[in-house]
Structure formats: structure tokens, C-alpha cells
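Subject: A structure to look through

Hello,

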Amino acid sequence: MKKLTANLMVHDVNATIEYYLNILGFTFAMGVDRQKNTKLLYNQETIYNFAIVRKNDVEIMLQVQHSLFDEVPEFKDRSLGGTFTLYLSLIHISEPTRPRL
């Protein structure tokens, strides 16, 4: 596996970005606003539906509830807190080997 990234469902992407940047020391990698425009620089005036923040080797995606519901309808009945998806980035995928008996 090359990388594992959590995508957290949040109520307010902007407030969550501010927390990760100002309290936890992450940097803004990119975001998508309500009009689905990609932004590479953080602007407090922009309302984000999705964002990626980074710190060292850690990358976290933040996605507003209604946007994630569109992608994963099974989450519509879930509450905030512990609701997330994981994205795996893999390299050199090969056929699994069977253990020797």
C-alpha cells in the first residue's frame, strides 16, 4: 500500500479547515467550493464542500454531509462522528499468494 487517506464527514468544512490549520498545524492542500470549482489556495470567504489538509505524511479529506450523502447514500441515516470513508492508494498489485500448508 502506498497511502491511506481518511475522508471525514463534517457539518462545516470551513470550520474544520480552520481547526486543522490553526490548532493542529496542517496546511491546506486543495478544496472544492459549492459551485464545484477546485481551489488550490485557502480563502476564508469561500464556502467549501470538500477539502484536503496535510501535515507531513498525513492527509485528511473533509467533506460536508450533503455532498458525501450524494456519493454514499448509505450514510444518509448516519450521524456525525465516526462516519468516514477510507481511500487506498496501491502500487504493484499482484495476485494474492496462498499460504503453504
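Two residues are said to be in contact when heavy atoms of theirs lie within 4.5 Å. Please keep in mind that this is a predicted model. With that definition in hand, threonine 16, which sits in helix α1 (residues 13-22), touches Val10 and Leu62, leaving aside residues up to four places away in sequence. Threonine 16 has a relative accessible area of 18% and therefore counts as buried, since buried means under 20%.

Next come the aromatic rings, of which the structure holds five pairs. In one of them, the ring centres of tyrosine 19 and tyrosine 20 are 5.8 Å apart and the planes meet at 85°, so this pair is edge-to-face. Tyrosine 19 is partly exposed, at 43% relative accessible area, whereas tyrosine 20 is buried, at 13%. Tyrosine 20 also pairs edge-to-face with phenylalanine 26, with 5.1 Å from centre to centre and 90° between the planes, and both of these residues are buried. Tyr19, Tyr20 and Phe26 together make up one aromatic cluster.

Finally, there is the largest pocket, whose volume is about 190 Å³. Its lining includes Val32, Asp33, Asn49, Phe50, His66 and Glu71, and at least two lining residues come from each of β2 (27-33), β4 (48-55) and α2 (65-71). The element that gives the most to this lining is α2, with four residues. Sorted by class, the lining of the largest pocket has four charged, four polar and two nonpolar residues.

Best wishes

Notes
Residues are numbered from 1 along each chain as its sequence is written. This is a predicted model: local features need pLDDT of at least 70, side-chain atom pairs count only at pLDDT 80 or more; totals for chains, interfaces and linings use all residues. Side-chain values use heavy atoms; hydrogens and water are left out. Buried means under 20% relative accessible area, exposed over 50%, partly exposed in between (1.4 Å probe, protein chains only). On a 1 Å grid over the protein atoms alone, a cavity is a set of points where a 1.4 Å probe fits but cannot get out, and a pocket is an open set with protein on both sides within 12 Å along at least five of seven lines; lining residues have an atom within 4 Å of a point. Grid points are joined across faces, edges and corners, and a volume is the space filled by probe spheres set on the points. Ala, Val, Leu, Ile, Met, Phe, Trp, Tyr, Cys and Pro count as nonpolar, Asp, Glu, Lys and Arg as charged, and the others, Gly among them, as polar. Rings of Phe, Tyr and Trp (its six-membered ring) pair if their centres lie within 6.5 Å; planes under 30 degrees apart count as stacked, over 60 as edge-to-face and the rest as tilted.
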